[in-house]
Amino acid sequence: MKLSALRSIAAPRTAAVALTAALFVPLTSGTVSADPQQHSAVTSVVKEGRTWHLKVYSASMDTEIDVDVQRPADESEPAPNLYMLSGLDGGEGTASWQAATHALEWLADKPVNVVLPIGGRGSYYTDWQQRDPVLGLNKWTTFFTEELPPLLDQTLNSTGQNALAGLSTSGTSVLQLAEAKPGLWKTVAAYSGCAQIADPMGQLFVKLATETWAGGDTENMYGPAESPLWAANDPVINAEKLRGTLLYVSSGSGIPVMEDVQYYLNAAPGPMGAVTLSLGVIIEAAVNGCTANLKNRLDSLDIPATYKFNPVGTHYWPYWEEALHDSWPLLAQGMGLDG
């Protein structure tokens with residue numbers, strides 16, 4: 001699908017852009033607490049055509065997590081799992097792969113389980129060291145690396161071959177998750193994510209997302225700026241753990257094209273449109289620098305990766321959908337499929 005067509009569907013599907021083209025729509029998750037003595041389990045499955053709505057009890061977070069799965073057209077054969085994480089919104093609102101793109105339609109003819117977790121707004125999908133008054137208890141690394149994969153393999157009769165994709169804040173998260181459990185995901189694709197989090201610029205990026213727009217406190221995540229947990233969870237510092245994983249990393253320059261400008265101004269008419277356009281430019285330029293730093297680090301370690309540095313592009317959905325299409329052959333390779 002051409003980028004101009006992707007832009008044409010993005011505007012009516014998202015509301016006014018507060019940051020990065022409506023990534024950050026704050027909604028409250030409708031999770032239900034379960035018996036804390038329970039083991040992690042799929043507690044319910046509601047089938048709606050090819051979409052299975054799962055509720056998965058997480059023992060580490062003592063709550064049920066909604067996970068939608070688009071099943072392949074032929075469910076009789078085992079299929080691999082493609083995990084697709086949304087951005088800071090956590091898929092709880094309209095800033096999701098489901099609502100902001102045609103990704104599910106595009107993937108519909110591919111023999112994969114498309115796994116779409118819903119929840120984790122502002123969490124960076126990581127394990128927080130303590131409960132946050134606003135964002136609650138977050139143990140997402142544990143959920144994604146230990147609890148969810150075996151449950152999906154059993155429930156979906158999957159092949160056990162996995163790939164993982166994320167954008168913006170989850171473009172950081174997918175690299176962290178890959179380093180937390182090397183080999184779990186054979187391919188990892190990060191679109192417009194800032195891989196570095198331990199230096200002042202990286203910490204600022206996390207704080208702007210988690211604190212300013214999601215209302216959480218990063219001290220509950222990794223502690224104060226000098227805490228060693230920041231470095232322990234920094235994908236650039238720990239890049240050696242990515243060795244052996246097929247990697248796709250993309251970002252834009254931040255330079256807008258005319259369609260970008262029209263999108264931002266139409267999505268948020270008046271002065272706010274100009275403000276959000278400026279933010280989309282600044283943020284993408286910043287993550288472009290982060291991506292270059294990740295490349296330098298991986299090159300120094302002689303770890304191969306596929307990069308796409310777009311000479312134009314701001315921080316919003318049409319570019320991420322285009323990157324999904326571009327990264328598909330590598331994602332398919334990791335899942336044992338023909339591209």
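Start by selecting T63 in β3: T63 is the bridge partner of S58. Before going on, note that this is a predicted model, where local features need pLDDT of at least 70, side-chain atom pairs count only at pLDDT 80 or more, and totals for chains, interfaces and linings use all residues. Residues are numbered from 1 along each chain as its sequence is written, and side-chain values use heavy atoms, with hydrogens and water left out.

**Stop 1**

Colour by DSSP: strands here are E runs of at least two residues and helices are H or I runs of at least four, numbered from the N terminus. Two strands count as paired if DSSP finds at least two bridges between them. Select 51-58, which is β2, and 63-70, which is β3: eight bridges join this antiparallel pair. Four residues sit between β2 and β3 in their hairpin, and D62 in the turn has a positive phi of about 50°.

A41 stands opposite Y57. This hairpin has two residues between its strands, with G49 in the turn at a positive phi of about 65°.

**Stop 2**

You get an open sheet of nine strands with mixed pairing, in the order β1-β2-β3-β5-β4-β6-β7-β8-β9. The edge strands, each pairing on one side only, are β1 and β9 (306-310). From one strand to the next the twist averages 15°; axes are lines fitted to C-alpha atoms (for helices, over the stretch in contact), and angles run from 0 to 180 degrees between N-to-C directions.

For a parallel pair, pick β4 and β5 (113-118), joined by three bridges. N81 has N113 in β5 as its bridge partner.

**Stop 3: helices on the sheet**

Bring back α4, which lies across β1, β2, β3, β4 and β5 and runs at about 130° to β2. Then select 317-334: helix α11 packs on the sheet, touching β4, β6, β7, β8 and β9 (contact means heavy atoms within 4.5 Å), and its direction makes about 165° with that of β7.

While you are on α4, click T141. Is T141 buried or exposed? T141 counts as buried because its relative accessibility is 16%; the cut-offs are under 20% relative accessible area for buried, over 50% for exposed and partly exposed in between (1.4 Å probe, protein chains only). Its contacts beyond four places in sequence include Y125, D127 and L177.

**Stop 4: the cores**

Select V67, F143, F144 and L175, which touch the most other members of the 37-residue largest nonpolar core. Such a core is a set of buried Ala, Val, Leu, Ile, Met, Phe, Trp, Tyr and Cys residues joined through side-chain atoms within 4.5 Å. The biggest contribution, seven residues, is from α4. A second, separate core of 27 residues includes A95, A100, A163 and L331. Back at V67, the residues touched include W52, L54, V115 and F143.

**Stop 5: helix α6**

Finish at 200-213. The end C-alpha atoms of α6 are 19 Å apart, which agrees with the 20 Å its 14 residues should span at 1.5 Å a residue (1.5 Å times one less than the number of residues). Centre on K207 to find a kink of about 30°, the bend being the angle between axes fitted to the seven residues ending there and the seven starting there. Buried residues of α6 include F205, V206 and A209, and the buried set packs against α5, α7, α8 and α10. Just after the helix, G215 takes a positive phi of about 85°.
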